[in-house]
Amino acid sequence: MRTTDRAAAEAAAERAALLGTPEGQRLADWLRTGGLTGTVLHRAVTDQTTPVVRSGEITALHMFPLAFRELGSPALGSHHRCWCAATTAVQQTHWPALLPEHPELIALRLIQHVLPCARYPEKDPDVCSVLPLLAQSPGASGPATSLVVAGGLGVQRQEDRIAAVDALLLLAAQKKLDPGALATDLGALMLIGIVAPSRLAESLGTAASTGAYRTVWTVLRDALPPLLSKDLSPAESRGLGELLTVAAECAERTGAQGVIPGLDPIAARRGSSRLVSQARRLRAALAGT
């Protein structure tokens, strides 16, 4: 905690103690001991290569009301269970205010709402509306934020994808975006069919059009190889040409060079389909030709 934050916390603790109530003293003790610390979330991959994020019990929240205690319970964030029926988008918009310094705890719960809506028709409109608020939280982002934004970029409803793009750009502007983690999550979600390349292409194309070509390229550079290296069926490769179009434009505008694993075999195919032509375009851009 910074010195200025520590001084403000001590001043607030003194005022809380002056209330003379058990609740005031509890808040004073909380502020003086540094508040919520030791929150650790871990990214994992299931046997089906499905990315998940786990958290253990956070006992420091046991003293608080139920809404806070639930945020401290052990949780598993994946697409296997949808909580859309349990809460509404209006309720979710208030979640970042509960623990603004710990957006990962909120993102972990949002995963259960967002990922199912990337794979199935949405039952909960505005499922991603809270993501820009989450991205603006003062706390550090991590694996849960990465996974929920990755899912948001591929949800079926366009308005929700735009909200996820806003979150992506906000995180990048604050230097809180981990492009490698986001790329890993996007690659995994595309491989298991949760995020469609065509929807992701639209989202990242929108982000790039704001001028964030380097950010988008950094993400696509690492997200594409798992998909390009797989022997995809025609159905699985649908939309991949559009995604390569975004990648090629970003590479051209940023002057990126290098090799993308799996790109050469596609570029060497016969024909002039969008997939093949954009693979050749990207290969040429990376070769500086």
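Helices here are DSSP runs of H or I with at least four residues, numbered from the N terminus. By that count Lys175 lies in the loop between helix 9 and helix 10 (179-191). The model is a predicted one.

**The chain overall**

The protein chain holds 15 helices and three strands. It has 289 residues, and 47% of them count as buried. Take the contacts between residues at least 6 apart in sequence: 71% of these join residues at least 24 apart.

One pair shows such a separation in sequence. Leu108 and Leu71 are 37 residues apart along the chain, yet their C-alpha atoms are 9.1 Å apart in space. Leu108 belongs to helix 6 (residues 103-119). Its relative accessibility is 1%, so Leu108 counts as buried, the cut-off being under 20%.

Lys175 is not a glycine, but its phi is positive, about 60°. Is this residue buried or exposed? Lys175 is exposed, with 76% relative accessible area.

**Two helix pairs that share helix 11**

Two packed helices are described by the angle between their axes and the distance between the axes. Helix 11 (residues 197-209) takes part in both pairs below.

| Pair | Crossing angle | Axis distance |
|---|---|---|
| Helix 11 and helix 12 (residues 213-228) | roughly 160° | within 9 Å |
| Helix 9 (residues 158-173) and helix 11 | about 45° | 9 Å |

Start with helix 11 and helix 12, whose axes cross at roughly 160°. Angles over 145 degrees count as roughly antiparallel, so helix 11 is roughly antiparallel to helix 12. The crossing is left-handed. Helix 11 brings Pro197, Leu204, Ala207, Ala208 and Ser209 to the contact, and helix 12 brings Tyr213, Val216, Leu220 and Leu227. By class, eight of these residues are nonpolar, one is polar and none is charged.

Now helix 9 and helix 11, which pack at about 45°. That angle makes helix 9 oblique to helix 11. Helix 9 passes helix 11 in a right-handed crossing. From helix 9 come Gln158, Arg161, Val165, Leu168 and Leu169. They meet Arg199, Glu202, Ser203, Leu204, Thr206 and Ala207 of helix 11. This contact divides into five nonpolar, three polar and three charged residues.

**Helix 8: how enclosed?**

How many of the ten residues of helix 8 (residues 143-152) are buried? Nine are, so helix 8 is largely enclosed by the rest of the structure. The buried residues are Ala144, Thr145, Ser146, Leu147, Val148, Val149, Ala150, Gly151 and Gly152.

**Helix 15 and its cover**

Helix 15 (residues 274-287) has 14 residues. From first C-alpha to last it reaches 20 Å, close to the 20 Å expected at 1.5 Å a residue. Its buried residues are Leu275, Val276, Gln278, Ala279, Leu282, Ala285 and Leu286. An α-helix has 3.6 residues a turn, so residues three or four places apart point the same way. Within helix 15, Leu275, Ala279, Leu282 and Leu286 are among the buried residues.

What covers them? The cover of the buried residues of helix 15 includes helix 12, helix 13 (240-254) and helix 14 (263-267). Gly288 follows helix 15, with a positive phi near 75°.

Note on methods: Residues numbered from 1 in each chain as written. Predicted model: local features only at pLDDT ≥ 70, side-chain atom pairs only at ≥ 80, totals over all residues. Heavy atoms only, no water. Axes fitted to C-alpha atoms, helices over the stretch in contact; angles between N-to-C directions. Parallel < 35°, antiparallel > 145°, perpendicular 65-115°, else oblique. Left-handed = near helix turned anticlockwise from the far one by under 90°. Contact = heavy atoms within 4.5 Å. Nonpolar A, V, L, I, M, F, W, Y, C, P; charged D, E, K, R; others polar. Expected span 1.5 Å × (residues − 1). Buried < 20%, exposed > 50% of the residue type's maximum accessible area, 1.4 Å probe, protein only.
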